[in-house]
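Trainee: Could you walk me through this structure, one question at a time?

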Amino acid sequence: MSISSKVRKCTTLILKPGVITGHSKYLFMLSHMRSRSSVLSHILGSNDNICGYSELHNSYSSYIDIIKMRINIYNELKCDLRNKYLLDKLLHNKLKISDRVLETTTPKFIFLLRKPESTIKSIINMGNITNIEWYKNPEMASEYYCSRLLHLTEFSKILNGNYFFIESDDLLDETNFVLENLTNWLDLPTPLNNSYTEFDNTGKPGYGDPSEKIHARKLIKTKSYPDIRISQKILQKAKSYYERCKASLELDSQEHANS
């Protein structure tokens, strides 16, 4: 952490103690890269009852990490955190949420999955844009995807189906239906809708999708990258992880809704 960042956090603690002590609710989106999570988090963060729209790149081992989350969101957005959902999205296995944080904050979770072929091709395309080498490697991109889905499957078991599951293509093809159900699940007084706000760091590296598409301010269909080729062996393995993860998430969520 830089000295200037430390100064900002200390200043917030002194001048705005309500940032730490005010009552808030917590919302985590658990997904993988190139799942349309940036668009969904912008839609959520544009709602008056939700603060946050990007990746904070933090683990949550103790309540101190929750305090850091509150300070980071306030310092960027300057929004009133009281009685609102505070949102972060986690896309990598190294970012953890401990049992202690689950117990003390009782957060809500959204799981978002995208099908393997479109995901892996999108990762490779992003590698071509950013020149990040492992993104451009189909085997490494697939390995990330499979490992991430396995982790999501395992973590979901801890939650006993108490989460909201979205298949990424449904978000695109059945937008109104998905957002209406998500609005009801979060008990939001203002409905979620397809349009969203651009924030100060929208499109910047480290804050989510750096491509031009994020500036559309609404969900749009994306190209399928027909020029990117992935071997059937790689796709078959990724599909098996996707099907297992999706089936597990759907089953546990349904069982929780019926209990």
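**A loop residue, then helix packing**

Mentor: H57 is partly exposed, at a relative accessible area of 42%, where partly exposed lies between buried (under 20% relative accessible area) and exposed (over 50%), with a 1.4 Å probe and protein chains only. This is a predicted model, in which local features need pLDDT of at least 70, side-chain atom pairs count only at pLDDT 80 or more, and totals for chains, interfaces and linings use all residues. Residues are numbered from 1 along each chain as its sequence is written, and side-chain values use heavy atoms, leaving out hydrogens and water.

Trainee: Which phi does H57 have, and where does H57 lie?

Mentor: Most residues other than glycine have a negative phi. H57 sits in the loop between β2 (50-51) and α4 (63-77), the helices (H or I, at least four residues) and strands (E, at least two) being DSSP runs numbered from the N terminus. Although H57 is not a glycine, its phi is positive, at about 60°.

Trainee: How do α6 and α8 pack, by angle and by class of angle?

Mentor: The axes of helix α6 (residues 116-130) and α8 are 9 Å apart, at an angle of about 125°; axes are lines fitted to C-alpha atoms, for helices over the stretch in contact (heavy atoms within 4.5 Å), and angles run from 0 to 180 degrees between N-to-C directions. Angles under 35 degrees count as roughly parallel, over 145 as roughly antiparallel, 65 to 115 as roughly perpendicular and the rest as oblique. Therefore α6 is, relative to α8, oblique.
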